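The sequence and structure come first, followed by points grouped by topic.

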Amino acid sequence: MRFSSMYIPTLKETPAEAEVVSHKLLLRAGMIRKLTAGLYTYLPMGLRVLRKIASIVREEMDRAGFQEVLLPIVQPGDLWQETGRWEHYGKELLRFKDRNDRDYCLGPTHEEVMTDLVRGEVRSYRQLPLRLYQLHTKFRDEIRPRFGLMRGREFIMKDAYSYDADLKGAETSYQLMYEAYQRIFTRLGVQFRAVEADTGSIGGNFSHEFMVLAAAGEDTIAYCDHCSYAANVERAEVVHNAQIVHETCPAYVECPTPNMHTVHDIAKLLNVSETQVIKTMLLLVDAKPIAVLVRGDHEVNLVKVQHLLHANSVELAPAEVVEKVTQAPLGFAGPVHLQNVPIYADYALQGSTDYVTGANAKDLHLQHVDLERDVNITAYADVRNITSEDPCPRCGGKMMLTRGIEVGHIFMLGEKYSSPMQATFLNEAGTSSNMLMGCYGIGISRVMAACIEQLHDDQGIIFPPSIAPFTCVLLNLDASNPTVTEQVEQIYKILQDLGVEVLLDDRDERPGVKFKDADLLGIPLQLALGKKSLAKGIVECKARHGSKVELPLADFATAFQDYQKQVIDNWTASIKPAVG
């Protein structure tokens, strides 16, 4: 392909709308353009990357024994009503009616549609397991789409579904996908971790997320530096080995704390450690208020609270609810004499006494609070985020925290969808049983953005060789010179004959412009030829992520193949995936 005939509208300046690195570079590299909030057009270079990612995913899905299908994006509302998700999914589900006043939605996921297909076809255990997948566009009406492809409303996704006759078969399907995902992300050339995760709105028994490690990640990952344990912080278990303290302390007293709202300020004023300050968090659990207590240096985990109480929804209570329950403004809530709400305390609070809490009165806190003596605790539980100070729940090793971008998620669903949708089969005994289901997703378009978040520098994108839009870019540094151009064309033909995906930059532009665009586009290998290098009988070569060499024109084909192999081998060695 020739640069002059391709649509690659690169930009020198970053558009004002861009927020994160991947969004900035995808726009500047002419790979995407915004249509409206959360909706993007993929231009030729971006589409080439997407197709490379999709090709790797397809190959590994086929290798794992899954078969590709294609389902409609428009889904009838009655299927979602069967599973109860029509009411519970939220406003992200874009609902509408057709001309006959029937309910429909744009599919954010396809559990219902795939299960409807399977229940209409499968009758016997002899037809199981059945493992299907698709690559398709999804739509979720995000309340605040942002970060370009990282959180858009329309996106491209691979979703797969397995249907098995028994638990052993379902576990086999899950393991097949776990191993396939390990191969996929290894081939993509990014550092990643597989972590235990919450099942969220999809539901099910257990799940793993596949995270690309990147500083811009929205998720926090906790992993052990000694064993293979890794989990999303929402899921990470906290082990409390501290002995429960039953000693008491002096009677609590009121302490003036004018305009003191933060744990840090209160601890400093009262000359105590932040670990001795209790944060009283008012939450709405299925629209009903509760109080959750955690140590001042810890954070409440809403997902853990949701699982603890088997709730459909958990959210921070708004200011008006807090003030109604506590009879005090925000920042002064406390558990002593808190009326008519259940109070749940984190296990860590059992390891000490003599706490500072809000007094449920403006500008007042209580000192010397004993939870056993002064507070009616409903229950103690693990309701906080893990920290780097906590031991590994598996081996006791040191926990590490890092940031990650979720690009894949696998779920063991069990009967969550097959039961309400009556997806049954006749087992070997001739009786009816529900199919056991798993679902497995990869955000194809999100992978492209996540890769750039991890792999970039000040000059632009650094694509792994496996998903780069081209293997190399050939720069004609003297396009007006017939002798140079003739030699560049010969090199171009040699590369094409070798089966190399090459982009020939034949534009009548200054060398500096061509080098800057080559770096911006992230193509792994850059080859350059001008008057000076032609006179020396060499082609200047640079790996996008490192070394520069000179290859002889006399035996260019052999020299290039050796150099290409070296660059790819070095990449594989330097970007070794961190798998949990």
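**Salt bridges and a hairpin**

Glu-59, Glu-60, Arg-63, Arg-183 and Arg-187 are linked in a network of salt bridges. The model is predicted. The salt bridge count comes to 37.

**Glu-218 and Arg-146**
- A salt bridge joins the side chains of Glu-218 and Arg-146, at 3.3 Å from N to O.
- Glu-218 lies in the loop between β10 (206–213) and β11 (219–224) and Arg-146 in the loop between β7 (130–139) and β8 (154–164), so the pair ties together parts that are 72 residues apart in sequence.
- Glu-218 has a relative accessible area of 27% and is therefore partly exposed.

**Glu-299 and Lys-279**
- The side chains of Glu-299 and Lys-279 form a salt bridge of 3.2 Å, N to O.
- This pair links distant parts of the chain, 20 residues apart: Glu-299 is in the loop between β15 (288–295) and α8 (302–308), and Lys-279 is in strand β14 (residues 278–285).
- Glu-299 is partly exposed at 46% relative accessibility, whereas Lys-279 is buried, with a relative accessible area of 16%.

**Glu-142 and Arg-151**
- In the salt bridge between Glu-142 and Arg-151, the closest N and O atoms are 3.5 Å apart.
- Arg-151 has a relative accessible area of 24%, which means that Arg-151 is partly exposed.

**Hairpin β1–β2**
- Strands β1 (residues 32–36) and β2 (residues 39–42) run antiparallel and are joined by four bridges.
- Lys-34 is opposite Tyr-40 in β2.
- Two residues separate β1 and β2 in this hairpin, and Gly-38 in the turn has a positive phi of about 80°.

How values were computed. Residues are numbered from 1 along each chain as its sequence is written. This is a predicted model: local features need pLDDT of at least 70, side-chain atom pairs count only at pLDDT 80 or more; totals for chains, interfaces and linings use all residues. Side-chain values use heavy atoms; hydrogens and water are left out. Two strands pair if DSSP finds at least two bridges between them. A salt bridge is a side-chain nitrogen of Lys or Arg within 4 Å of a carboxyl oxygen of Asp or Glu. Buried means under 20% relative accessible area, exposed over 50%, partly exposed in between (1.4 Å probe, protein chains only).
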